[in-house]
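Work through the exercises below with the sequence and the 3D structure open. Try each task before reading its solution.

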Amino acid sequence: MIRSTKLSLKFANRGKRDLLNNFIGKYQLAVQEYIDLIWDMEKVPSLLPKTLTDKCSVLLTARAKQAAAKQAAAIVKGTKSKQSKRLFMINKLIKENKLDEAKRLQDFYNKVKISKPNVSSLNLLLDSRFVKFNEETESSFDSWITLGSCGFGKIDLPVKKTKHFNRLNAKGKLLGSVYLSSDYITLCFEVEKPINNNTKTVGIDIGCNKVISCSNGFQTVPNKHGYDLNKIIDLLKKKKPGSKQYRKVLRHKKNFINETINQLDLSDVKVLQLEKIINLKRGRKHLGKLNSWTYRDIFSKLEGKCEELNVSINRVNPAYTSKRCFLCGYVHKDNRRGEEFKCVGCGYTAHADLNAAMNISLTLPELNFGEVSTDTPFYWLVGEQESIVPANKKYILKKSSRLFVTI
Ligand SMILES: [Zn+2]
């Protein structure tokens, strides 16, 4: 698997930063020119012929032009494939008579078609012919990045290695290609997946009060300054979007999410079960203040951790997992009151998210929603095990028929 890490370029002096920015600006201009040249082509080749690369008017080395042309071709191909998917969706929506949605997508399609991809914030994709990473150095900086073939001789940029870099460097092989922006260089490593001989399955509930509740008992706690995700999101709402303060709180939020997921111990886990969120935008009630972007941040960090440890992710249907008693299987809408779970059947109490996580960790038989109503309490059990709670109206889920029968 490929893992990447960013190193800051802020330690380079002004002169070097200027040269770097100059190169990046020219390279982006070249990419834009190539995009303009090939945008209307029926079939875009991955490698543009020399007759085409020579047409670029920007003053760049031939090698840099080649790289820019290659990146432009990849961008155009990627955008076109997304456009053809949009076209397919538009036709599908029209067939389904969802004309409003079709119109919205069509407008977006037209906009992309006319405006073409914007490359002003493009990260340059450069191979080993442009960039050398030198670890051995006598200076106070950890390492140097040497950028060549850029038309300005060799530019040496000092960088400090981060903990993340050191971790990847210890177990992986540094690859030649990098992504370069005026502030960061992103280095990629080929890392072998570890062998996972564990057998344990855990469930995870993602929420706002507790970012992570895991069936192994782990729950997110506020950081040493007393902040939890809830408070951070409240703080974010008070800031003006796009302002310096806003960005600072966004970083704070990201760090908080990363910290909590770093604390989660998955060293004995084989499978991690998570709720399957079908429509993120519509969300679900108990996501609360968590918007879809924050949810995605949490999920992608978790996914990265699982990939690193070779833990597989299994998504399960979340319906009723927050209302089901983990101990006895009784599902009742009154079982949950805010953060507290108290089973009205057997009296079992737990933190609501922890109870949900434990339900998610089980492989419960799938519910047939035509047969289930939220108003009717029922027992939802694994297989056909006997329930421990007496009730005069008792439902047991038949795994084979997926129907509820009254006993
Ligand atoms: Zn119970």
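Two residues are in contact if their C-beta atoms, placed from the backbone, lie within 7 Å. Helices (H or I, at least four residues) and strands (E, at least two) are DSSP runs, numbered from the N terminus. The model is predicted: local features need pLDDT of at least 70, side-chain atom pairs count only at pLDDT 80 or more, and totals for chains, interfaces and linings use all residues. Residues are numbered from 1 along each chain as its sequence is written.

**Exercise 1.** State whether Ala 62 is buried or exposed.

*Solution.* Start with the cut-offs: a residue is buried if 20 or more other C-beta atoms lie within 10 Å of its own, exposed if 12 or fewer, and partly exposed in between. Next, take the count for Ala 62, which has 11 other C-beta atoms within 10 Å and is therefore exposed. Ala 62 belongs to helix H3 (residues 62–95). For the whole protein chain of 407 residues, the buried share is 26%.

**Exercise 2.** Check the length of helix H8 (residues 292–309), then find which of its residues are buried and what they pack against.

*Solution.* The expected span of a helix is 1.5 Å times one less than its number of residues. H8 has 18 residues and should span 26 Å; its end C-alpha atoms are 26 Å apart, so the two agree. The buried residues of H8 are Thr 294, Ile 298 and Leu 302. Seen down the helix axis, they fall within an arc of 65° (the arc of the directions from the axis to the C-beta atoms), so they line one face of H8. Strand S8 (200–206) and helix H7 (244–263) are what these buried residues pack against. Trp 293 and Ser 300, on the other side of H8, are exposed. Just after H8 comes Asn 310, with a positive phi of about 60°.

**Exercise 3.** Describe the open sheet of 3 strands and name the helix that packs on it.

*Solution.* Two strands pair if DSSP finds at least two bridges between them. The order is S13-S14-S15, and the pairing is antiparallel. S13 (336–337) and S15 (349–351) stand at the edges with a single partner strand each, so one side of each has no neighbour in the sheet. Helix H9 (residues 352–361) packs on this sheet and touches S13, S14 and S15. Its direction makes about 95° with that of S15; axes are lines fitted to C-alpha atoms, for helices over the stretch in contact, and angles run from 0 to 180 degrees between N-to-C directions. Lastly, 3 bridges join S14 (residues 340–342) to S15, and Phe 341 has Ala 350 in S15 as its bridge partner.
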